[in-house]
Amino acid sequence: MLKKLIDLPKTLSPDLRKLIGNTFWLFSEKIFQMGLGLLVGVWVARYLGPEDFGLFNYAIAIVWLFDPIAKLGLDDIVVRDLARSQTDNPKTLGTSFILKLFASIVTAFLAFSTISLLRPEDRQLQLLVAIIAGGAIFRSTEIIELWFRSQVQAKYVVWAKNIAYIFSNLIKVILIKINAPVVAFAAATFAEYSLAAIGMVIVYQITHNLIQAWRFSVSRAKSLMKDSWPLILSGIVIMIYMRIDQIMLGQMIGDAAVGLYSAAVKISEMWYFVPIAIVNSVFPSIVQAKEIGETVYYKRIQKLFNLMSVISYSVAIPITFLSGFIVTLIYGNSYAEAAEILTIHIWAGVFVTLGVARSTWLTTENLMKFSAATTAVGAVINIILNSLFIDSYGAIGAAWATVISQIFASYLAGAFYPETRRIFWSQTKAITLLSLLRR
């Protein structure tokens with residue numbers, strides 16, 4: 001099966017060795033964080049209980065709802081430009097950092113303003129959002145991570161982020177031991193963001209790169225924003241249909257429902273680092289394949305889709321049958337109702353992975369407008385379905401709304417546009433495993 005997915009030469013080239021090594025480091029980071037996060041996160045969930053755990057995740061959902069504004073849709077564009085040319089790197093890095101820093105500050109203001117309107121009397125929730133949103137400002141330094149991604153040198157960022165993650169989780173363990181309130185866990189999140197930022201600055205400097213060399217350029221800013229604005233809109237609507245369910249549950253049902261739903265979603269999305277890590281590693285090679293020729297280019301994209309499908313099925317099918325056992329084992333009997341939510345929500349991952357893989361093609365082909373349009377419609381579908389389903393089915397209805405909207409936005413929408421129909425058929429071959437069975 002693996003041989004059908006990727007063709008490995010008998011002797012690995014230096015570039016392929018570098019790519020495999022980079023993927024290993026990305027996987028090691030996420031596996032480590034997943035393991036530690038699962039251990040400590042479950043402990044936190046059990047300690048807080050569904051009500052406070054729901055409140056904490058509601059605050060996170062509010063902040064992350066505006067995260068695409070902070071990112072400005074620049075990540076893949078910056079990696080693309082850094083991989084293509086070395087001459088404009090100082091301007092690209094400096095301009096991107098300033099844009100992200102300003103956008104992060106705006107995002108923090110928007111998140112706090114939103115929660116003040118939704119829950120004007122809930123001072124505790126407002127404080128949670130303020131702390132988490134304030135910490136998110138430090139994520140503007142992730143521009144350094146994009147530099148290392150473009151150079152296929154993920155190991156440096158992995159060290160910095162893992163050390164920050166270890167410290168933040170140690171803080172959470174201490175907070176549990178001293179019976180700290182839920183607000184203290186927001187402070188631990190703030191600490192993680194700030195420590196990761198400091199770590200990335202340090203590794204950038206010690207690898208003989210100079211932040212002092214970065215330059216802001218108005219013309220470069222205009223160029224970046226011209227390419228990225230469709231991705232900003234796309235990111236906003238993606239985040240809407242990934243987080244609006246928790247916000248609507250909190251408003252329509254209550255924080256306990258958010259706690260149960262969040263517990264299921266954390267398991268369902270736990271493995272998303274796999275497709276993201278793979279795509280981040282292969283993206284530069286796909287950009288380069290475009291220059292080699294169309295045959296090589298689309299062959300690599302098809303292999304990527306095939307790999308995404310196999311991985312997502314390997315996760316979704318077992319969890320569908322073992323959801324009850326998994327939920328009670330991890331979270332305990334107080335979260336047992338989350339099992340049915342997990343059974344449904346896990347299938348969203350099949351289409352999420354295809355969407356993540358498709359983004360490489362859309363970015364390379366400069367078709368980000370399509371991404372914005374389809375995800376906007378998907379977000380509207382998600383909001384409508386949540387409005388209809390949550391009243392009748394609660395958190396289970398929210399899970400169905402997520403799956404249906406993902407199917408449309410990440411897959412079916414491609415059939416309606418001539419420019420994307422080819423990639424829609426590539427996705428179809430991957431979903432049905434036809435391209436594997438025919439070989």
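Modeller: Leu-195 is partly exposed, with a relative accessible area of 33%, where buried means under 20%, exposed over 50% and partly exposed in between, with a 1.4 Å probe and protein chains only. The model is a predicted one, in which local features need pLDDT of at least 70 and side-chain atom pairs count only at pLDDT 80 or more, while totals for chains, interfaces and linings use all residues. Residues are numbered from 1 along each chain as its sequence is written, and side-chain values use heavy atoms, with hydrogens and water left out.

Leu-195 sits in helix α9; helices here are DSSP runs of H or I with at least four residues, numbered from the N terminus. The 25 residues of α9 should span 36 Å at 1.5 Å a residue, and the end C-alpha atoms of α9 are 37 Å apart, which agrees; the expected span is 1.5 Å times one less than the number of residues. Just after α9, His-208 takes a positive phi of about 65°. In the loop between α8 and α9 lies Asn-179, which has a positive phi of about 60° although it is not a glycine, and which is exposed at a relative accessible area of 59%.

Leu-195 is also one of the residues of a nonpolar surface patch, together with Trp-159, Ile-163, Ile-166, Phe-167, Leu-170, Ile-198, Ile-202 and Ile-206, and the accessible area of the patch comes to about 880 Å². The elements giving two or more residues to this patch are α8 (155–177) and α9 (182–206), and α8 gives the most, with five. Residues join such a patch if they have over 30% relative accessible area and no salt bridge, nonpolar side chains (Val, Leu, Ile, Met, Phe, Trp, Tyr) being linked within 5 Å, with areas from the Shrake-Rupley method and a 1.4 Å probe. As background, an α-helix has 3.6 residues a turn, so residues three or four places apart point the same way.

For contrast with that surface, consider the charged side chains. The whole structure holds six salt bridges, each a side-chain nitrogen of Lys or Arg within 4 Å of a carboxyl oxygen of Asp or Glu. Arg-139 pairs with Asp-67, the closest N and O atoms being 2.5 Å apart; because Arg-139 lies in the loop between α6 (123–136) and α7 (143–150) and Asp-67 in helix α3, the pair ties together parts that are 72 residues apart in sequence. Both partners, Arg-139 and Asp-67, are buried. Glu-142 and Lys-71 meet in another salt bridge, at 3.7 Å from N to O, and here Glu-142 is buried at 16%, whereas Lys-71 counts as partly exposed at 24%. Salt bridges that share partners join Asp-67, Lys-71, Arg-139 and Glu-142 into one network.

These four residues also line the second largest cavity, along with Ala-70, Lys-100, Ser-104, Ala-136 and Ser-140. Its volume is about 70 Å³, and α3 gives the most to its lining, with three residues. A cavity is a set of points on a 1 Å grid over the protein atoms alone where a 1.4 Å probe fits but cannot get out, and lining residues have an atom within 4 Å of a point.

Definitions and conventions:
Patches are made of residues with over 30% relative accessible area and no salt bridge: like charges are joined within 9 Å, nonpolar side chains (Val, Leu, Ile, Met, Phe, Trp, Tyr) within 5 Å. On a 1 Å grid over the protein atoms alone, a cavity is a set of points where a 1.4 Å probe fits but cannot get out, and a pocket is an open set with protein on both sides within 12 Å along at least five of seven lines; lining residues have an atom within 4 Å of a point. Grid points are joined across faces, edges and corners, and a volume is the space filled by probe spheres set on the points.
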